[in-house]
Amino acid sequence: MNISQNLLRLHFEDDWSPPFRLKEGHFWSCDMGPPFPAWLRWQTDICILDISSTSINDVLPHWFWASFSNSFSLD
């Protein structure tokens with residue numbers, strides 16, 4: 001999924017579990033913060049994740065490295 005470089009605001013409840021699994025997620029410049037998006041926890045198949053310039057102003061959650069352990073590009 002590539003929705004980079006737009007003005008989308010992506011805010012979901014912390015307990016939302018997405019009904020999909022992404023292989024790639026390009027969210028550069030979307031408004032996803034300031035807390036780290038909890039729904040990304042369930043994207044364990046993601047290989048490429050770009051969440052740069054997304055207004056996230058938070059520490060990495062404890063599950064981050066386990067969820068993205070198979071990723072080869074994290075930005």
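User: How many salt bridges does the count come to by the rule used here?

Analyst: The count comes to one salt bridge, a term for a side-chain nitrogen of Lys or Arg within 4 Å of a carboxyl oxygen of Asp or Glu. This is a predicted model, in which local features need pLDDT of at least 70 and side-chain atom pairs count only at pLDDT 80 or more, while totals for chains, interfaces and linings use all residues. Residues are numbered from 1 along each chain as its sequence is written, and side-chain values use heavy atoms, leaving out hydrogens and water.

User: Which side chains meet in the salt bridge?

Analyst: Those of arginine 9 and aspartate 31 do, at 3.9 Å from N to O. The pair links distant parts of the chain, 22 residues apart: arginine 9 lies in the segment before strand 1 (24-26), and aspartate 31 in the loop between strand 1 and strand 2 (48-50). Strands are DSSP runs of E, at least two residues, numbered from the N terminus.

User: Why does arginine 9 count as exposed?

Analyst: Buried means under 20% relative accessible area, exposed over 50%, and partly exposed in between (1.4 Å probe, protein chains only). Arginine 9 counts as exposed because its relative accessibility is 61%. Aspartate 31, at 26%, counts as partly exposed.

User: Which residues have the most contacts inside the largest nonpolar core?

Analyst: A nonpolar core is a set of buried Ala, Val, Leu, Ile, Met, Phe, Trp, Tyr and Cys residues joined through side-chain atoms within 4.5 Å. The largest has 14 residues, and those with the most contacts inside it are Phe27, Met32, Leu40, Leu49, Ile51 and Phe68.

Methods:
Helix = DSSP H or I, 4+ residues; strand = E, 2+ residues; numbered from the N terminus.
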